[in-house]
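Please look over the sequence and the structure shown here before reading on. The report is meant to be read beside them.

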Amino acid sequence: MTSHSFPTIRQFIGGEWTDGTGAATEAVLDPASGKTLSMFRHASEADVATALEATDRSAPAWRATTPDLRYRILREAASLLRQRAASAALHLSLEQGKPLTEAASEIQASADVIDWYAEEGRRAYGRIVPGRAGSRLMVVPEPIGPVAAFTPWNFPATTVARKLGGALAAGCTIVLKASEETPATAVAVLECLAQAGLPPGVANLVLGQPARISEQLLRSSVIRKVSLTGSIAVGRTLGHLAVDHHLVTTMELGGNAPVLVFNDVDVDAVARICAIAKFRNAGQVCNVPSRFYVHEGIAEAFAERMTAHARALRVGAGIEPDIDMGPLCNERRLLAMEQLMDDARRSGARVRIGGRRLDRPGFFFEPTVLSDVPDAALVMREEAFGPIVPIATFSDVDGADAIRRANDTAYGLGAFVFTESLARATDTSDALEAGMVGVNTVVLSRAETPFGGIKASGHGHESGIEGLEAYMRKKTILQHAPLRG
Ligand code: NAD
């Protein structure tokens, strides 16, 4: 065990914090050392059944609460999360690996998302459709019912806040299965909700064997909606189960965002902002700028700036002062980086900097920049989810070739374009096949705007008005005057 204080990991079921009663235990690892931070016992089948009962039993009363009461509880939970930001960020950084400053921003963003949903829950309006005099044709939003939610390890606070905030504001109860690799952050968010007065059973947290828990939740007759943030592979598995059991789905899946950089930009400024975005969270970001198509006139300068930025990064444990990039979250990502690098070298890419794991304990990989990367290289085709920047070039002025190559993928989460030309910005953002396009920005995620992908990157949205609607169904009520004589 490491010397830092780390919270006890428990399940939250029916308003009680309990140890799981499953046979297996699991270690939460510090990715900066590979050492154990904490051990917890898995939820058993009986524990998950109890969570399902609790979410079912508490659903009618929660659905009947006023939007104003839900607003108050969520606002209070967000406020409590802000008050605990220092400890929550420390534990997030310890279990996930990202620098403390990034962890603190994530906690802040999570409180902002909960606030957004709190406010938006009071504006879940229906509509009245014009009809014959004396009649009312109404479209009435209702909570969709109990939700099963699954979250990943890369943003363990914001992904959890989006699901809890959306479901609870809409009047749904929820069973959350957070990532077993980063459970302390989910525990912190649920503690804030419980302390803010959330009634027992309305939100539950289970941790354990993911495939077994997800099957049990989705096969039960209680759950009405599945919300997953995770990989395309798990999205497919849960998607099949959802179809079989008539469940509504929101799927926030992987991305491999193309970045088109035209030759009219300020190369220094654009390379700088792209490098900051790409190496944030050691590249483990679903909507991060991922594969770079840079006009050949500025490609060398762009690659040089990126390389200089990568060289200047201070890599270390997330909780060390003044570091810019932490370790990868787990050993799987390190192995994936090595495979991508083997393939990139074989395919003729030029390694400008990095490309290897760091010779120290933990899961560290060097900030890496590649140029002359062929489109066929794996790092251009697959979600890298790590600190590798692959740069390719295009030569036509209007970028048609780059747009075609950018769209030649199964992914469709984010895409980015950098240009000073309004016409290029408009044409390119119209032509890119993605759920979200950043024009001269690397930020795609805000509490106020819908976040979501297309194609294999998923469907549905979180945040924005759409994020609340995702937890509501519409009932049409056709009401006429009473019938007489
Ligand atoms: P993952 O798909 O392995 O796991 C996601 C969650 O699903 C975890 O809680 C996991 O335990 C659970 N799960 C449920 N059923 C499962 C089953 N049958 N088998 C395995 N896990 C199951 O994803 P991950 O590795 O935790 O996260 C990384 C992925 O998440 C990346 O692909 C990334 O792009 C994606 N992601 C997407 C977004 C988005 O908003 N689109 C945001 C963050 C991460």
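This is a predicted model: local features need pLDDT of at least 70, side-chain atom pairs count only at pLDDT 80 or more; totals for chains, interfaces and linings use all residues.

## Model and domains

The domain assignment of the chain gives domain 1, covering residues 11-253, and domain 2, covering residues 258-439. The C-alpha centres of domain 1 and domain 2 lie 31 Å apart, and across the boundary 21 residues of domain 1 are in contact with 25 residues of domain 2.

## Surroundings of the ligand

The shell around the ligand contains 26 residues, of which Thr151, Lys177, Ser231, Leu253 and Glu383 come nearest. By residue class, the shell divides into 14 nonpolar, eight polar and four charged residues. Both domains take part, since domain 1 and domain 2 each contribute at least three residues to the shell. In terms of secondary structure, at least two shell residues are supplied by each of helix 8 (210-219), strand 10 (225-229) and helix 9 (232-244), and helix 8, with three residues, provides the largest share.

A polar backbone atom of Thr151 is 2.7 Å from an oxygen atom of the ligand, and a polar backbone atom of Gly230 is 3.4 Å from an oxygen atom of the ligand.

## Trp62 in helix 2

Trp62 lies in helix 2, which spans residues 59-64, and it counts as buried because its relative accessibility is 1%, under the 20% cut-off. Leaving aside residues up to four places away in sequence, Trp62 touches Arg70, Ile73, Leu168, Gly171, Cys172, Thr173, Leu198, Pro199 and Val202. One of these neighbours, Leu168, also has its backbone oxygen 3.3 Å from a polar atom of the Trp62 side chain. Trp62 and Glu26 are 36 residues apart in sequence, and their C-alpha atoms are 33 Å apart in space.

His295 is found in strand 13, residues 289-295, and with a relative accessibility of 7% it counts as buried. Beyond residues up to four places away in sequence, the contacts of His295 are with Val261, Phe262, Asn263, Phe394, Ser395 and Asp396.

Arg424 belongs to helix 15, residues 422-431, and its relative accessibility of 17% is under 20%, so Arg424 also counts as buried. With residues up to four places away in sequence again set aside, Arg424 touches Phe262, Asn263, Asp264, Val397, Thr419 and Ser429.

Phi of Asn281 is near 50°, a positive value in a residue other than glycine, while Ala282, which is not a glycine either, has a positive phi of about 50°. Asn281 has a relative accessibility of 3% and counts as buried; for Ala282 the relative accessibility is 3%, and this residue likewise counts as buried.

Is His461 buried, exposed or partly exposed? At 31% relative accessibility, His461 counts as partly exposed, because this value falls between the 20% limit for buried residues and the 50% limit for exposed ones. His461 is found in the loop between strand 19 (458-459) and helix 16 (464-469).

When residues up to four places away in sequence are not counted, His461 touches Thr250, Glu252, Pro450, Phe451, Gly452, Glu466, Gly467 and Ala470. Among these, Thr250 and Glu252 fall within the 11-253 range given for domain 1. The C-alpha atoms of His461 and Gly348 are separated by 39 Å, the two residues being 113 positions apart along the chain.

Key: Residues are numbered from 1 along each chain as its sequence is written. Side-chain values use heavy atoms; hydrogens and water are left out. A residue is near a molecule or strand if one of its heavy atoms lies within 4 Å of it. A polar contact is a pair of N or O atoms within 3.5 Å; within protein, one must be able to donate a hydrogen and the other to accept it, and residues adjacent in sequence count only if both atoms are side-chain atoms. Helices (H or I, at least four residues) and strands (E, at least two) are DSSP runs, numbered from the N terminus. Ala, Val, Leu, Ile, Met, Phe, Trp, Tyr, Cys and Pro count as nonpolar, Asp, Glu, Lys and Arg as charged, and the others, Gly among them, as polar. Domain bounds come from an automatic or database domain assignment. Buried means under 20% relative accessible area, exposed over 50%, partly exposed in between (1.4 Å probe, protein chains only). Contact means heavy atoms within 4.5 Å.
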